[in-house]
Amino acid sequence: ESMTPVRAAKAELRKVFRNTLASLSPEQKQSETESLVLKFLTSPEYQNSRIISVYISMPEEVNTRDIVQDIFRSGNRKCFVPRFDGAGMQMLRIHSFEDYSTLPLNKWNIRQPESCDDREKGISAGLDLILVPGLAFTKDGIRLGRGKGYYDSYIARCLEAGLKPHLVSLSFSCQLCENIPVTDKDKNVDRVILP
């Protein structure tokens, strides 16, 4: 399959931002993460949401652990996390912080629920907020993903099911990008939170 100009430009940008993220110092990552998590937990989007999907962070991403902990601490929220397989992505319910901490690792070394049979699914539960990961973001919500399209197609499925969840991303300051090329499959996020 030939690379369209947009795909080629995105591939190039992914390289740039992977390197940028890899060179972020642990200290800066830690201090920006604390700021981002606090801003998220006090945001109206989170405050007004009860059924929430959170990605389980990879080492180079904003660490979402404290967000998961807050969801369970609040007592009146449900937490959903991604499960990836060949067919795409599901959001499956986890029931406690202990459940989260003991999920098995997948081939990318990310924790994810084993199989989706006995766990509630995010779309049927009626997700009202999705925390959306990415490699880079513009101020107005254009996002550069990792190129697999998992979140774009999941968000499309939510919309088809009549759900309109808040889409929020947490961005390190070094992930802010002036301009990200898009196709009609790309879904913008409603809000990019910066440190």
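Analyst: A residue is called buried when its relative accessible area is under 20%, exposed when it is over 50%, and partly exposed in between, with a 1.4 Å probe and protein chains only. This is a predicted model, in which local features need pLDDT of at least 70 and side-chain atom pairs count only at pLDDT 80 or more, while totals for chains, interfaces and linings use all residues. Residues are numbered from 1 along each chain as its sequence is written, and side-chain values use heavy atoms, without hydrogens and water.

User: What makes β3 mostly covered?

Analyst: Five of the seven residues of β3 are buried. Strands here are DSSP runs of E with at least two residues, and helices are runs of H or I with at least four, both numbered from the N terminus.

User: Why is β2 described as largely enclosed by the rest of the structure?

Analyst: Six of its eight residues are buried, so β2 is largely enclosed.

User: How do you know which strands pair with β2, and do they run parallel or antiparallel?

Analyst: Two strands pair if DSSP finds at least two bridges between them. Three bridges join β1 (residues 51-53) to β2 (residues 78-85), and these two strands run parallel. Within that pairing, I51 has K78 as its bridge partner, and I52 has C79. Seven bridges join β2 to β3, which run antiparallel; here F80 stands opposite R93. A hairpin through two residues links β2 to β3.

User: What is the order of the strands in the open sheet?

Analyst: The six strands follow the order β3-β2-β1-β4-β7-β8, with mixed pairing.

User: Why do β3 and β8 stand at the edges?

Analyst: β3 (88-94) and β8 (191-193) each have a single partner strand, so one side of each is left without a neighbour in the sheet. On average, neighbouring strands of this sheet are turned by 25° against each other, direction ignored.

User: What does helix α7 touch when it packs on the sheet?

Analyst: Contact means heavy atoms within 4.5 Å. Helix α7 (residues 150-160) touches β2, β3, β4 (129-131) and β7 (166-170), and its direction makes about 70° with that of β3. The buried residues of α7 are Y150, Y151, D152, Y154, I155 and C158. They pack against β2, β3, α6 (122-125), β4, β6 (143-144) and β7. Just after this helix, G162 has a positive phi of about 85°.

User: What makes a set of residues a nonpolar core, and which residues touch the most other members of the largest one?

Analyst: A nonpolar core is a set of buried Ala, Val, Leu, Ile, Met, Phe, Trp, Tyr and Cys residues joined through side-chain atoms within 4.5 Å. The largest has 57 residues, and F40 and I67 touch the most other members. Helix α7 gives the most to this core, with five residues. Residues up to four places away in sequence not being counted, I67 touches V37, F40, L41, Y46, V54, L131 and L170.

User: Why are α2 and α4 called roughly parallel?

Analyst: Axes are lines fitted to C-alpha atoms, for helices over the stretch in contact, and angles between N-to-C directions run from 0 to 180 degrees. Angles under 35 degrees count as roughly parallel, over 145 as roughly antiparallel, 65 to 115 as roughly perpendicular, and the rest as oblique. Helix α2 (residues 26-41) and helix α4 (residues 65-74) pack at about 30°, with axes 10 Å apart. That makes α2 roughly parallel to α4. At this packing, V37, F40 and L41 in α2 meet D66, I67 and D70 in α4. The buried residues of α4 are I67, V68, D70, I71 and F72.

User: How do you know whether K10 counts as buried or exposed?

Analyst: K10 has 9% relative accessibility, so it counts as buried. This lysine lies in helix α1 (residues 5-22). It touches L144, P181, V182 and D186, leaving out residues up to four places away in sequence.

User: Why is G86 called exposed, and where is it found?

Analyst: The relative accessible area of G86 is 85%, so it is exposed. G86 is found in the loop between β2 and β3.

User: What makes D190 exposed, and what is it in contact with?

Analyst: With a relative accessible area of 55%, D190 is exposed. D190 lies in the loop between β7 and β8. Its neighbours within four places in sequence aside, D190 is in contact with P165, H166 and L167. The C-alpha atoms of D190 and D140 are separated by 7.8 Å, although these residues are 50 residues apart along the chain.
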